[in-house]
Amino acid sequence: MSDIITLRIYEIVGSSLCVASQDGQKVFEQIQQALKDGKNVRLSFQNVESLTSAFLNAAIGQLYGFFDNDLLKERLSVTNIEKDDLALLKRVIDTAKQYFKDPAVIEAVRREAMGDDDE
Amino acid sequence: MPTRVDISLPPIRSDFQGFTTLVNLAERVNSLEYSPIALDMSAANWVDANMCAPLGAILYRASHQLNMVRFEHLTERVQKIFQKNGFLSFYGHAKKVDEWGTTIQYQSFETKDDRFFGAYIEQHFKNKAIPEMSEALRKKFWESIFELFSNAVIHSKTELGIFTCGQYFPNKKHIDFAIADLGIGISQTLIDKKGLNLPPEEAIDWAMEGRNTTKTGSIPGGLGLKLLREFIRLNRGRIQAVSFTGYWEQCADGTIVKKTLPYPFPGTVVNIEINTADTNSYILSTEHKPEDLF
């Protein structure tokens with residue numbers, strides 16, 4: 001059995017407009033689960049027409065608060081993504097890496113995960 | 001019985017003067033309850049259609065405080081604008097058909113209405129005259145609008161909604177689009193989340209800078225407004241942002257204007273003007289390879 005799974009963003013969101021943070025959260029939860037289960041994840045952007053940084057921050061940027069950069073580099077890949085969407089995703093990832101360099105942020109994420117966050 | 005409050009409005013354009021008119025109105029109606037409010041429009045021979053978003057936000061709040069708002073003595077021209085974009089339907093008037101398909105209807109949303117907002121944008125930009133712009137520009141424009149909506153949903157903490165309206169001007173080759181919320185405003189968000197107490201126009205400036213974010217949880221932020229700014233700069237369009245008493249504008253030549261309004265706007269407004277004749281491809285000069293992404 002292959003340990004690579006393909007997650008289709010269009011299918012998870014149910015629309016070609018991938019713009020809302022809440023929809024990004026649904027994608028995040030699936031990626032997070034698959035990575036926790038030891039899978040390699042290929043994310044397909046086929047049929048996605050509109051993307052926002054808000055969606056990508058929730059879906060992918062957030063992963064950098066939960067997993068090591070090296071692990072994500074090794075086990076996450078994208079397919080069927082348009083050039084300009086790839087450029088946007090790259091900026092989201094670079095911003096996320098920068099954001100999670102701050103130990104206070106990591107602590108806040110830890111608190112959030114433990115359920116003792118007030119946000 | 002509360003006495004009727006009469007307020008006369010001048011022309012309202014998308015500029016500092018126009019927003020000054022709106023915050024003066026907001027100040028007048030702020031503390032009213034159960035009052036009939038009559039807006040005398042006889043002197044308003046023009047209202048930019050997109051300004052219906054912040055005007056509607058102010059009036060929605062007034063109605064929420066159980067005041068009864070009505071428009072009186074509308075000039076023919078303004079009545080036509082307000083009827084075509086559906087604004088007057090909220091105030092007891094019939095809707096007029098938009099025969100040229102150039103309006104982006106006045107609409108209010110709740111923060112959970114992302115899907116409804118998406119459908120609204122699709123409805124106004126598919127199979128309509130709006131506008132004759134390149135595919136690359138259309139995509140960037142949609143994304144900008146969605147970024148603005150997401151920004152209002154994530155940061156505003158509005159309980160009274162998000163208001164949008166726009167207009168396409170085929171001869172001038174631009175689209176104006178405004179999104180207003182009745183949230184806590186950017187300066188208050190900065191105080192609450194960062195302990196940073198800046199004058200409201202400086203708070204807007206802070207939010208417009210790349211990588212500045214008030215996000216503190218597990219989801220990073222701070223790119224939406226920066227992307228919007230970059231795109232509109234390349235497009236030689238304009239952005240205006242008003243939050244509390246802050247007024248901030250990025251002009252077509254890229255210069256930034258910051259001013260203080262005499263009274264607060266009860267939330268945040270972002271108004272964008274897109275140059276639709278723009279033929280930039282918006283493919284970034286740096287090519288990224290998927291394998292180098294993460």
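1. The side chains of Lys139(B) and Asp84(A) form a salt bridge, with N and O 3.2 Å apart. A salt bridge here is a side-chain nitrogen of Lys or Arg within 4 Å of a carboxyl oxygen of Asp or Glu. The pair crosses between chains: Lys139(B) belongs to helix 5 (residues 135–155) of chain B, and Asp84(A) to helix 5 of chain A. Helices (H or I, at least four residues) and strands (E, at least two) are DSSP runs, numbered from the N terminus. Lys139(B) is buried, with a relative accessible area of 8%, whereas Asp84(A) is partly exposed at 22%. Buried means under 20% relative accessible area, exposed over 50%, and partly exposed in between (1.4 Å probe, protein chains only).

2. The model is predicted: local features need pLDDT of at least 70, side-chain atom pairs count only at pLDDT 80 or more, and totals for chains, interfaces and linings use all residues. Residues are numbered from 1 along each chain as its sequence is written, chains are lettered from A and ligands numbered from 1 in the order in which they are written, and side-chain values use heavy atoms, with hydrogens and water left out.

3. The pair in point 1 is part of a wider arrangement. Asp84(A), Asp85(A), Lys139(B) and Glu143(B) are linked in a network of salt bridges.

4. Another salt bridge joins the side chains of Arg115(B) and Asp23(A), at 3.3 Å from N to O. This pair also crosses between chains, from helix 4 (residues 114–125) of chain B, which holds Arg115(B), to helix 2 of chain A, which holds Asp23(A). Arg115(B) counts as partly exposed because its relative accessibility is 42%. Asp23(A) counts as buried because its relative accessibility is 6%.

5. The side chains of Arg91(A) and Glu230(B) meet in a salt bridge of 2.7 Å, N to O. Arg91(A) lies in helix 5 of chain A and Glu230(B) in helix 8 (residues 224–235) of chain B, so this pair joins two chains. Arg91(A) is partly exposed, at 24% relative accessibility. Glu230(B) is partly exposed as well, with a relative accessible area of 30%.

6. These pairs may be set beside the totals. Over all chains, a search of the whole structure finds 18 salt bridges. Across the interface of chain A and chain B, the rule finds 4 salt bridges. The same interface has 12 residue pairs in polar contact, both residues being at pLDDT 80 or more. A polar contact is a pair of N or O atoms within 3.5 Å; within protein, one must be able to donate a hydrogen and the other to accept it, and residues adjacent in sequence count only if both atoms are side-chain atoms.

7. Several elements make up the side of chain A that touches chain B. Those that each supply at least two residues are helix 2 (21–36), strand 4 (50–51), helix 3 (53–59), helix 4 (69–75), strand 5 (76–79), helix 5 (83–99) and helix 6 (103–114) of chain A. Helix 5 of chain A gives the most, with 17 residues.

8. In the interface as a whole, 52 residues of chain A are in contact (heavy atoms within 4.5 Å) with 39 residues of chain B. Chain A and chain B bury about 3800 Å² between them, of which 58% is on carbon and sulfur atoms. Buried area is the accessible area (1.4 Å probe) that two parts lose on being put together, summed over both.

9. Within chain B, 3 strands form an open sheet with parallel pairing, in the order 1-2-3. Two strands pair if DSSP finds at least two bridges between them. The edge strands, each pairing on one side only, are strand 1 (5–8) and strand 3 (68–72) of chain B. From one strand to the next, the twist averages 20°. Strand 2 (residues 36–40) of chain B is joined to strand 3 of chain B by 5 bridges, and Pro36(B) has Met68(B) as its bridge partner in strand 3.

10. Helix 1 (residues 16–29) of chain B lies across strand 1 and strand 2 of chain B, running at about 175° to strand 1. Axes are lines fitted to C-alpha atoms, for helices over the stretch in contact, and angles run from 0 to 180 degrees between N-to-C directions.

11. Two loop residues of chain B deserve a check of the backbone. Most residues other than glycine have a negative phi. Tyr34(B), however, has a positive phi of about 55° although it is not a glycine. Tyr34(B) is in the loop between helix 1 and strand 2 of chain B, and counts as exposed at 54% relative accessibility. Leu66(B) has a positive phi near 65° and is in the loop between helix 2 (52–64) and strand 3 of chain B.
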